[in-house]
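Subject: Structure for your review

Dear colleague,

Please find below the structure that I am handing over to you. My notes on what was found in it follow.

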Amino acid sequence: QQGLIGHQVTFQTENGTVQGNDFVPNGDDYTFTLAPQAGYYAESVLVNGEDVSTKMYYSEGNTLCTMERVTEPLDIQVCYAPMPEAVMDLSGTVTDAEGNPLYAQVWAVAGGYSQLLNVDGQGNFSGTVPALDGMELFAAAEGYVPVEIVSQAGNNKIQLAKMYFGNNENVVRNGTDIALWDLTRMYQGRIRMISTEFAMQLVHS
């Protein structure tokens with residue numbers, strides 16, 4: 001494609017789509033986004049027959065997956081299944097590293113499904129969501145990164161810490177692996193930051 005050496009990307013889905021390019025240059029990373037129809041979620045996600053559910057991450061409530069340094073064609077198969085009729089209630093609080101209330105956006109996410117929860121000015125969040133196994137909480141606030149999510153008696157506590165670049169006391173003390181830089185392709189003018197998304201899995205019983 002346009003003189004580049006690369007690989008074709010094909011998609012196999014029902015009851016939803018996959019958003020992504022149909023071509024990836026050799027050696028580049030490839031990112032795609034899950035887009036189920038209303039009332040559906042991704043029950044399984046396979047790339048060349050391999051389950052990649054552990055590679056999925058979240059950004060502003062969207063479910064994404066990145067395949068690193070692609071050297072072969074990609075066949076992406078997503079099985080979208082109907083949402084369960086059962087629901088569950090989620091609630092909790094968001095604080096900074098010192099325990100002070102912090103306003104943040106909080107999503108409940110699972111398999112391409114996302115729901116923005118209600119959050120008040122004191123960092124308390126709540127919402128009713130489908131009872132999906134593997135439902136996760138994801139929180140984001142400008143200038144902050146997740147540090148810890150704790151569930152106690154059905155109440156979820158999310159702690160965020162201020163973001164720093166480089167090695168500093170705050171990052172070392174909390175053991176966060178954010179601000180990881182990939183400079184292997186700097187000669188091509190390509191620099192990317194890899195950040196580890198932090199989420200807590202909620203299993204419906």
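How many salt bridges does a search of the whole structure find? The search finds 1 salt bridge, that is, a side-chain nitrogen of Lys or Arg within 4 Å of a carboxyl oxygen of Asp or Glu. Its partners are the side chains of Arg-69 and Glu-68, with a distance of 3.9 Å from N to O. Side chains of opposite charge can pair when their charged atoms come close. Arg-69 counts as partly exposed because its relative accessibility is 41%, and Glu-68, at 45%, is also partly exposed. For these terms, buried means under 20% relative accessible area, exposed means over 50%, and partly exposed lies in between (1.4 Å probe, protein chains only).

Before you read further, please note that this is a predicted model, in which local features need pLDDT of at least 70 and side-chain atom pairs count only at pLDDT 80 or more, while totals for chains, interfaces and linings use all residues. Residues are numbered from 1 along each chain as its sequence is written, and side-chain values use heavy atoms, with hydrogens and water left out.

Overall picture

The protein contains 1 helix and 20 strands; helices (H or I, at least four residues) and strands (E, at least two) are DSSP runs, numbered from the N terminus. Of its 205 residues, 40% count as buried. Contact means heavy atoms within 4.5 Å, and among contacts between residues at least 6 apart in sequence, 59% join residues at least 24 apart.

The nonpolar cores

A nonpolar core is a set of buried Ala, Val, Leu, Ile, Met, Phe, Trp, Tyr and Cys residues joined through side-chain atoms within 4.5 Å. The largest one has 25 residues, and those with the most contacts inside it include Val-94, Phe-125 and Met-135. At least two residues of this core come from each of β10 (87–95), β11 (105–110), β14 (124–130), β15 (135–140) and β17 (155–162). Another core, of 18 residues, lies apart from it and has Val-45, Val-47, Leu-74 and Tyr-80 among its members.

Ala-108 is found in strand β11 and counts as buried because its relative accessibility is 0%. Ala-108 and Met-135 are 27 residues apart in sequence, yet their C-alpha atoms are 6.6 Å apart in space. Not counting residues up to four places away in sequence, Ala-108 touches several residues, including Leu-90, Val-129 and Met-135.

Two further residues

Ala-42 has its place in strand β5 (residues 40–47) and is buried, with a relative accessible area of 9%. The C-alpha atoms of Ala-42 and Gly-111 are separated by 4.4 Å, although the two are 69 residues apart along the chain. Beyond its neighbours within four places in sequence, Ala-42 is in contact with residues including Gly-111 and Cys-79. Cys-79 is partly exposed at 35% relative accessibility.

Thr-66 lies in strand β8 (residues 62–67) and counts as buried because its relative accessibility is 17%. Its side chain makes polar contacts with the side chains of Thr-31 (2.7 Å) and Tyr-57 (2.7 Å). A polar contact is a pair of N or O atoms within 3.5 Å; within protein, one must be able to donate a hydrogen and the other to accept it, and residues adjacent in sequence count only if both atoms are side-chain atoms.

Yours sincerely
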